[in-house]
Amino acid sequence: MQPFSIVTGVAAALPAANVDTDVIMPKQFLKGVDRSGLDRGVFHDQRFDNAGAVRPDFVLNRDPWCNAKFLVVGPNFGCGSSREHAVWGLGQLGIRVLIGTSFAGIFFDNCARNGVLGITLDEASTRRISELATDPATCQLTVDLPGQRVLLADGSVVSFEIEPGRKQALVLGLDAVGATLQDRAAITSFEHSYLVENPWLA
Amino acid sequence: MTVNPADRYFDLRQRNPGGAPAHPARHRLQGGFTLARARTLYDKLVDSHTVRRLDDEGRQLLLYVDRTVLNEYTSPQAFTGLREAGRLVWRPGAALGTVDHVNPTAARRTAAMPDDGAARQAAYFAENCRDFGIELFDVLHPMQGIEHVVMPEMGLVLPGMVIAAGDSHTTTYGAFGALGFGIGTSDIEHYLATQTLTYGRLKTMRVTVHGDLGPGVRAKDIVMALIRTIGASGATGYAIEFAGAGISALGVEGRMTICNMAVECGARGAIMAPDDKVFAYIAGRPRAPEGDLWDRAVAQWRMLASDPEAVFDREVTLQADMIEPMVTWGTSPDQAAPIGASVPDPANESDPERRRDMERALSYMDLRPGTPLSDIVIQRAFIGSCTNARIEDLRDAAAVVRGRHVAAGVQAMVVPGSSSVRRQAESEGLDRIFLEAGFEWRQSGCSMCLAMNDDMLSPGERCASSTNRNFEGRQGASGRTHLMSPAMVAAAAVDGRLTDARRYMGAL
C-alpha cells in the first residue's frame, strides 16, 4: 500500500448526499478478477453519456478538477454495496483523500485498506472546504496526515481526528495481513479456547 | 491480566441465571477487559470474539470471525493476494463459496455464464475454492443460491457467531442472534489468512417495535418505515438491536428481511436476541449441531440477550400498528412513503441540499410531485433477492396472484432465493400459481437486484421490486426501481401500477 504523509493538490466538490457505490462504480466494471481498468469506471454514468462521450458539465471532467486529488463529498458517501472496486477506481483516478461529514462503514474501511484517507469533519468545516473547492482560484489544498490537519487556500487550517491504528497503517503503508499474522500465537490460543467452549463450532 | 471481581460476578450471574456451574469466560478474560456494567447483546458478541485489544480504550480490536461466505465477484482479488504472498487459508472449513451474483437465472440451468467476465469469475472462483480447500456450491450444485439465503438454510448461521462476508447484506444473520457484517475484498483476504479482522467497536442503537402489524403489513414494511424515519445514514456507525413485541411476533424469515435491510440505514450490524422460533428454524438443517451438542448449544444460546440494565447509545421506537405497506418513490431507500400517500413536493423541503437531492431523484424517476403513488404505472415486476426471496416470501406473493393474471404490458419474474427454495416452492405448487398468472419462474441468483447478470431493466423501465436498493442504475442503466414487499410487487404486477396489496388479501 502506498504510504501517505503530506499531499497537495486540487479538491473537487461533490456535495450530493448518499452517493452510493453503484454510482461510484457501476456494475459493468465489476466483472474482472483483478483490479485493473477501474479508473474508467469511476462515476462512469456521470462522466460519460450513453454514447461514451465526455459530459463536459461534470466537475471531474473540467479543468482544474480533472486532476483532483481530493473529493469533498456529501453525507453518507459510499453507501450501499461492499464493492471495493469503488475505492480501487478512485485510487486509480488519483484520488488520495475524501473529506465529508459521514461515510458508509464498509466503504470507509475499504478506503483505509487502500491508502485512501477518509477525513470526517463537522458540517461547517466541510461546507467551507466545499465552497473553496468550487472556485478554481481556491481549490488547492494540502492534507498533512502526520499533523492531522488540512491547510486551505484562504490560509486557514482545519484539524481532523483519525483512529491511531488507521493513521499508522496509512502513514507506513502497512501490509495489514502481515501485521496481524505477527499475532498468530494469540489467535491460535484464542481459537483453541473458543472452540473448546463452543464445541458445536469446531 | 487482572479481572475486575465485580465484573466477574456480574458476568457469571448473567450467564447462569439458574445457578448452574459457572461457564468460564476464558476468552473474554484473555481479551483483558470487560467493564463492570450491564452489556448489550452486541457488546457480548464482540467481547466473546475479541482476541486482543488494539488500543487502550478497547475501541479497536482484533476480532475472531467464525465463518464467511464467498461469492465470485468480491473474492477473486483476495485469493490473488493470498497467492502472491504465498499464504494459506487459516480455516478452510469455516468458509463456503456460492456462485450467485453473475449467473443467469433462465429457467433451464446450465453452467454457461452470460458474458466472458462472468465466466472468468466463475472459473477463477472454482479454481480458488479447489486450491484452498473451500467447499463450493457452483451454479449446477443442488444447494446453489444467494449467499444469504443459502447460509441460513444450511444451518451455517448459528446464534452467538460473528460472520463477516464480502457482501453488505451479511447483516441478515442478525435474525439468528449472530453478528453479521459486510467487508471489502481486502478484509476478505485478511479474514481468509488470519480468521480475524481488525475491527472498530460500533455504537449501539435499540429499535423497539411495539404492537402488532396490521393485516397484510409485512416485515419489509417495518424496515422500510425505519429507514424512512431515521434516514439512509441514520444508523451509520451503529449496530442496531431490534426488540419488542412487533419483532417477536415475526417469523425468522421476516426477521431476516429486517436485519438484511438494516444496512440501508447504515447499520454495520443488526441483531435480534434468538428465541425458540430461531432454534426451531435451525434444528435439523444440514450443518446444524445434533444430539448432545445441540442441547448444549441451545442452552448457551438462550443466554444471548442484552442485560436488562444495558444502556444503548440511541433508542428508537416504532409503533407496528401505525405502519402501512411502504413503497419508495426516489433513488435512496429512505425516500419512501406509505402506498396511500403521494409523491412528495421538494418545495416543502426546507433544507436546500435535501431539496436538491429530492429534485434529482424525482427527475431520475420521472415523477411529478403530488402524483398518488398508486397512479404509478410499471413495466416490470421482480420478486427476488436476499431480502425477500425465501419460501415465506414466495407463499405470500403467490397468495396475492392466485387466480389472477399479470397486467398487460408488465413483464413479471420470480427468482427464488436458492435452488432449495425453488424446489420447496415447486413441491407446494407455487410455481404453477406464478406461471398461470403470467410470471416467469426462474432459477436462483441475485439476478435483477443488482443486474450483474443478463437480467436487467431497459433504460426508462419502471420496476416494482422486492429488493433492497433503488439506487440510480441499480437494476440497469436508467432503470427506475420502486422497493416494496413481495406481496406488494405481486399486487403491482396484477394491477400494472403500484397498489395496496391488502386489497388482494381481504385486509382492506
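Helices (H or I, at least four residues) and strands (E, at least two) are DSSP runs, numbered from the N terminus.

The model is predicted: local features need pLDDT of at least 70, side-chain atom pairs count only at pLDDT 80 or more, and totals for chains, interfaces and linings use all residues. Residues are numbered from 1 along each chain as its sequence is written, while chains are lettered from A and ligands numbered from 1 in the order in which they are written.

Five strands of chain B form an open sheet with parallel pairing, in the order S17-S16-S15-S18-S19. Strands pair if DSSP finds at least two bridges between them. Strand S17 (439–441) and strand S19 (480–483) of chain B are the edge strands, and each pairs on one side only. On average, neighbouring strands are turned by 20° against each other, direction ignored. Strand S15 (residues 380–383) and strand S16 (residues 411–414) of chain B share four bridges in the parallel sense. Ala381(B) has Ala412(B) as its bridge partner in S16(B).

A helix crosses this sheet. Helix H17 (residues 486–495) of chain B lies across S15, S16 and strand S18 (462–465), at about 155° to S15(B). Axes here are lines fitted to C-alpha atoms, for helices over the stretch in contact, and angles run from 0 to 180 degrees between N-to-C directions. Ala490(B) touches Ile383(B), Ala397(B), Val400(B), Val401(B) and Ala501(B), leaving aside residues up to four places away in sequence. Contact means that the C-beta atoms of two residues, placed from the backbone, lie within 7 Å.

Ala490(B) leads on to the core. The largest nonpolar core has 220 residues, and Ala262(B), Val489(B) and Ala490(B) touch the most other members. Such a core is a set of buried Ala, Val, Leu, Ile, Met, Phe, Trp, Tyr and Cys residues joined through C-beta atoms within 7 Å.

Chain B holds another sheet. Four strands form an open sheet with parallel pairing, in the order S11-S10-S9-S12. Strand S11 (270–272) and strand S12 (314–319) of chain B each have a single partner strand, so one side of each is left without a neighbour in the sheet. From one strand to the next, the twist averages 25°. Strand S9 (residues 203–210) and strand S10 (residues 238–243) of chain B pair in the parallel sense over six bridges. Lys203(B) stands opposite Tyr238(B) in S10(B). Helix H8 (residues 219–230) of chain B lies across S9 and S12, at about 130° to S12(B).

Now turn to the partner chain. Chain A has eight helices and seven strands. Of its 202 residues, 45% are buried. The peptide bond from Asp63(A) to Pro64(A) is cis, with omega near 5°.

The chains meet where 61 residues of chain B are in contact with 50 residues of chain A. Helix H7 (residues 185–194) of chain B gives the most to chain B's side, with seven residues.

Note on methods
Buried ≥ 20, exposed ≤ 12 C-beta atoms within 10 Å, placed from the backbone.
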